[in-house]
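Subject: Structure handover

Hello,

Here is the structure for you to take over. My notes on what was found in it follow below.

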Amino acid sequence: LSSHPHTQRCERKAHGGMRHLQHISPSLLFIVFIFLHLSVISASSLSSAAFIVNKGTEVVAKTTIMAIASTETGGKERKEGVLLEAFTASQQAEKIKLCFAIRKSVFIEEQSVPVEIEMDSLDDTATHILATDKQTGSPCGAARLVVLDGTDIGKIGRVCVLSTKRGQGIGRKIVLFAVEQLKGPLRCSKAKLGAQVHALSFYESMGFKLIPGEEYMAAGGVPHRDMEIIF
């Protein structure tokens, strides 16, 4: 205990007091000594308790900071998005190859659509959409827009997202971007598309309606229904 500064001060006060209390009876001096000794022990205990509380607060503070950092990181990951571009084959010769590579991966390799059906002459004059992951800079989705001859009706087709990037809302962003392109630069009054049956609810959630008619097989035997949205 004598190594504690507070204890040393108490002991010095005790010794000084003893010199002035020599005329007091031994029994009274004994009581005073016990009282001072207990005071020193209490002060030391309180100091130790305060140290424990401070250390505990420090641990809690560090844990809180770590939790906040984790939330902020989570927050940055949820704001990740895609860069969407629209262009023709003649405008972006290199980027059109990226669109074709994504379509090949999804339609030809994954869904077994014959290459002669997937790639056609409309690719030469169509407006193509390329989605690029902003974080990695890698292409992740594509689509194609064709304005039907002699009309102001635009057709959205070849909408696809790489399997590793699905479930992140990229397909929805591509379709909504396609609609904006048809309404704006391409000056269409209506957008149509042939939706794969399993994706009907996906397009309906963005305002597309089923066109009266039967289900039909297209793109190498995949069941489709026609849908439209009027601007």
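Along the sequence, the protein chain runs α-α-β-α-α-β-β-β-α-β-α-β-β-β, that is, 6 helices and 8 strands. Please keep in mind that this is a predicted model. The protein chain has 231 residues, of which 31% count as buried. Its accessible surface is about 14,500 Å², and carbon and sulfur atoms account for 60% of that. Taking contacts between residues at least 6 apart in sequence, 60% join residues at least 24 apart.

Cores

The largest nonpolar core has 25 residues. I156, I170, I174, L193, Y203, F208 and M227 have the most contacts inside it. At least two residues of this core come from each of β2, β3, β4, α5 (170-183), β5, α6 (200-204) and β8 (222-230), and α5 gives the most, with 6 residues. A second, separate core has 11 residues, including C99, V106, C160 and L162. As background, nonpolar side chains in soluble globular proteins tend to be buried together.

Around I170, and leaving aside neighbours within four places in sequence, the contacts are V82, A131, C140, V161 and K165. The C-alpha atoms of I170 and G81 are separated by 8.0 Å, although the two are 89 residues apart along the chain. G81 is found in the loop between α2 (26-78) and β1. Its relative accessible area is 17%, so G81 is buried, the cut-off being under 20%. Not counting residues up to four places away in sequence, G81 touches T132, D133, K134 and K173.

Helix α3

Helix α3 (residues 93-110) has 18 residues and reaches 25 Å from its first C-alpha to its last, close to the 26 Å expected. There is a bend of about 35 degrees at K104. I96, C99, I102, R103, V106 and F107 are the buried residues of α3, and they pack against β1 (82-88), α4, β2, β3 (139-147), β4 (153-161) and β5 (190-196). After the helix comes S112, with a positive phi near 60 degrees.

Salt bridges

The structure holds 12 salt bridges. In one of them, the side chains of E118 and R103 meet at 2.4 Å, N to O. E118 lies in helix α4 and R103 in helix α3, so this pair ties together parts that are 15 residues apart in sequence. Both E118 and R103 are buried. They also belong to a network of salt bridges that links R103, E118, D120, D123, R144 and R158.

D123, another member of that network, is found in the loop between α4 (115-118) and β2 (127-133). D123 counts as buried because its relative accessibility is 4%. Leaving aside neighbours within four places in sequence, D123 is in contact with A89, F100, R103, E118, H128 and R144.

K165 forms a salt bridge with D133, with the closest N and O atoms 2.7 Å apart. K165 lies in the loop between β4 and α5 and D133 in strand β2, so the pair ties together parts that are 32 residues apart in sequence. Both K165 and D133 are buried.

The side chains of E228 and K190 meet in a salt bridge at 3.5 Å, N to O. This pair links distant parts of the chain, with E228 in strand β8 and K190 in strand β5, 38 residues apart. E228 is partly exposed, at 21% relative accessible area, and K190 counts as partly exposed at 21% relative accessibility.

Regards

Key
Residues are numbered from 1 along each chain as its sequence is written. This is a predicted model: local features need pLDDT of at least 70, side-chain atom pairs count only at pLDDT 80 or more; totals for chains, interfaces and linings use all residues. Side-chain values use heavy atoms; hydrogens and water are left out. Helices (H or I, at least four residues) and strands (E, at least two) are DSSP runs, numbered from the N terminus. Buried means under 20% relative accessible area, exposed over 50%, partly exposed in between (1.4 Å probe, protein chains only). Contact means heavy atoms within 4.5 Å. The expected span of a helix is 1.5 Å times one less than its number of residues. The bend at a residue is the angle between axes fitted to the seven residues ending there and the seven starting there. Accessible areas come from the Shrake-Rupley method with a 1.4 Å probe; for residues, only the protein chains shown count as cover. A nonpolar core is a set of buried Ala, Val, Leu, Ile, Met, Phe, Trp, Tyr and Cys residues joined through side-chain atoms within 4.5 Å. A salt bridge is a side-chain nitrogen of Lys or Arg within 4 Å of a carboxyl oxygen of Asp or Glu.
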